[in-house]
Amino acid sequence: MKPHYLILAITCLAAFAASDPARAQEPRPPASQCQAIAENMPKATFASFSGAAAPMPAVSEGESVKFTYLGHSTFEIETPAGIIIATDYNGWYRPATTPDVVTMNKAHTTHFTLTPEPDIKHVLHGWSDVPGEKASINLVVGDAYIRNVTTDIRVSYGLGGPQEDGNSIFIFETAGLCIGHLGHLHYELTDSHYTEIGRLDVVMVPVDGGLTMGADSMSRVIKRLRSSLILPMHRRGPPVNAFVSMFGKDFDITYAPDDSLTVSMRTLPKKPLIYVMKGVQ
């Protein structure tokens, strides 16, 4: 190809790329700080996205996140900027204010609804309805970055049977905190899962000991995650003490008189704390 034809071809290709707004303006999500700080993972990249990285708001010292236990596996998470997130949302346990974001898993109908309120802006399914695919969530809403790590599911009493990558662990990064909701976890996590998750300062964990995983298996997951704050949820059948008894002197235990807690990077406990909110006990 002659030089002047080559220059013309390159110019045309550049013009085509610039004329495609989706291609030119599509941001990629921010690199996950929870992954970047995790052991054996010095930095995180998102090779499947193109374009400039989406900006993450600066975190001010003392910014706090409020957790309110609503019932079953549903927590209301309120970020410093006032973004309201409801986890494993089924439409029965509702925040006082319509949430901006709801996450769902499909193990049981108590973990999802197919008819959420129409004014909820972001409805995030932890499963994919496309055979052979898995849910992939990378979303920035206000001061929160939300992503997921998929896990297998034994059986779903709501939307079908066993499925690889049928449910998700949702991870919320806000105010410098890495927050994880284990959802309806059926199997112990693999090394790959731990790498994808990264660091979790706060983790919401099912403690029923049967419908999800046994207390012994779940305690091994929690010990390896090494979170500062553990919030039990999804208690059915055995008392929460059956789960708590799996932990030794390396963990503190608090049985709270209320159903809410406010946390910041500065107020995270130095020693891992299992914080049992009212309604879970």
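Two residues are taken to be in contact when heavy atoms of each lie within 4.5 Å. In this predicted model, and with neighbours within four places in sequence set aside, Ile222 is in contact with Leu182, Val203, Val205, Ser227, Ile230, Phe243, Phe247 and Phe251. Ile222 also belongs to the largest nonpolar core, which has 57 residues. Together with Phe67, Ile179, Leu182, Leu225 and Leu231, Ile222 is among the members of this core that touch the most other members. A second, separate core holds seven residues, including Met104, Phe112, Ile120 and Trp127. In soluble globular proteins, nonpolar side chains tend to be buried together.

A pair of aromatic rings is described by the distance of the centres and the angle of the planes. For Phe243 and Phe247, the centres are 5.1 Å apart and the planes stand at 65 degrees, an edge-to-face arrangement. Both of these residues are buried.

Of the 281 residues, 48% are buried. Among contacts with a separation of 6 or more, 56% join residues 24 or more positions apart. The chain exposes about 13600 Å², of which carbon and sulfur atoms supply 54%.

Charged pairs complete the picture. Side chains of opposite charge can pair when their charged atoms come close. The whole structure contains six salt bridges, one of which joins Arg94 to Glu117 with closest N and O atoms 3.3 Å apart. Arg94 sits in the loop between β3 and β4 and Glu117 in the loop between β4 and β5, so this bridge ties together parts that are 23 residues apart in sequence. Arg94 counts as exposed because its relative accessibility is 51%, whereas Glu117, at 18%, counts as buried.

Another salt bridge links Asp201 and Arg199, with closest N and O atoms 2.8 Å apart. Asp201 is buried, with a relative accessible area of 7%, and Arg199 is buried at 19%. Lys271 and Asp252 also meet in a salt bridge, at 3.3 Å from N to O. Here Lys271 lies in the loop between β13 and β14 and Asp252 in strand β12, so the pair ties together parts that are 19 residues apart in sequence. Lys271 is partly exposed, with a relative accessible area of 33%, and Asp252 is partly exposed at 33%.

Definitions and conventions
Residues numbered from 1 in each chain as written. Predicted model: local features only at pLDDT ≥ 70, side-chain atom pairs only at ≥ 80, totals over all residues. Heavy atoms only, no water. Phe/Tyr/Trp six-rings, centres within 6.5 Å; stacked < 30°, edge-to-face > 60°. Buried < 20%, exposed > 50% of the residue type's maximum accessible area, 1.4 Å probe, protein only. Core = buried A, V, L, I, M, F, W, Y, C linked by side-chain atoms within 4.5 Å. Areas by Shrake-Rupley, 256 points an atom, 1.4 Å probe, with all protein chains shown as cover. Salt bridge = Lys/Arg side-chain N within 4 Å of Asp/Glu carboxyl O. Helix = DSSP H or I, 4+ residues; strand = E, 2+ residues; numbered from the N terminus.
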